[in-house]
Amino acid sequence: MTVLLFLIPLALLLGLAALVAFMWSLKSGQFDDLDGAAHRVLMDDDVEGGK
């Protein structure tokens, strides 16, 4: 039963850390362009007349 005195604050601290990390990622623009990387993969950057 005394282990709960350790585990409950630890779980709350880890949850708070995850929330802070998520808020930081939102503020830094990690989720601004969700489709850009998927479209860039399909773009052809080869130059005509190469080999």
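Accessible areas are those given by the Shrake-Rupley method with a 1.4 Å probe, and for residues only the protein chains shown count as cover. The structure is a predicted model, in which local features need pLDDT of at least 70 and side-chain atom pairs count only at pLDDT 80 or more, whereas totals for chains, interfaces and linings use all residues. Residues are numbered from 1 along each chain as its sequence is written, and side-chain values use heavy atoms, with hydrogens and water left out.

View 1. Helices (H or I, at least four residues) and strands (E, at least two) are DSSP runs, numbered from the N terminus. The accessible surface of the protein comes to about 5200 Å², and carbon and sulfur atoms account for 69% of that surface. Of the 51 residues, 4% count as buried, where buried means under 20% relative accessible area, exposed over 50% and partly exposed in between (1.4 Å probe, protein chains only).

**View 2. Helix H1 and the glycine that follows.** H1 has 24 residues and spans 34 Å from its first C-alpha to its last, close to the 34 Å expected at 1.5 Å a residue; the expected span is 1.5 Å times one less than the number of residues. Just after H1, Gly29 takes a positive phi of about 85 degrees.

**View 3. A nonpolar surface patch of about 950 Å².** The patch is made by Met1, Val3, Leu4, Phe6, Leu7, Ile8, Leu10, Leu12 and Leu14. Patches consist of residues with over 30% relative accessible area and no salt bridge, with like charges joined within 9 Å and nonpolar side chains (Val, Leu, Ile, Met, Phe, Trp, Tyr) within 5 Å; a salt bridge is a side-chain nitrogen of Lys or Arg within 4 Å of a carboxyl oxygen of Asp or Glu. Leu12, which lies in helix H1, counts as exposed at 62% relative accessibility.

**View 4. The one aromatic pair of the structure.** Phe22 and Phe31 form a tilted pair, 6.1 Å centre to centre and with 50 degrees between the planes. Rings of Phe, Tyr and Trp (its six-membered ring) pair if their centres lie within 6.5 Å, and planes under 30 degrees apart count as stacked, over 60 as edge-to-face and the rest as tilted. Phe22 is partly exposed at 43% relative accessibility, and Phe31 is partly exposed at 42%.

View 5. Ser25 is buried, with a relative accessible area of 10%, and, not counting residues up to four places away in sequence, touches Gln30 and Phe31, contact meaning heavy atoms within 4.5 Å. Phe31 lies in the loop between H1 and helix H2 (36–42).
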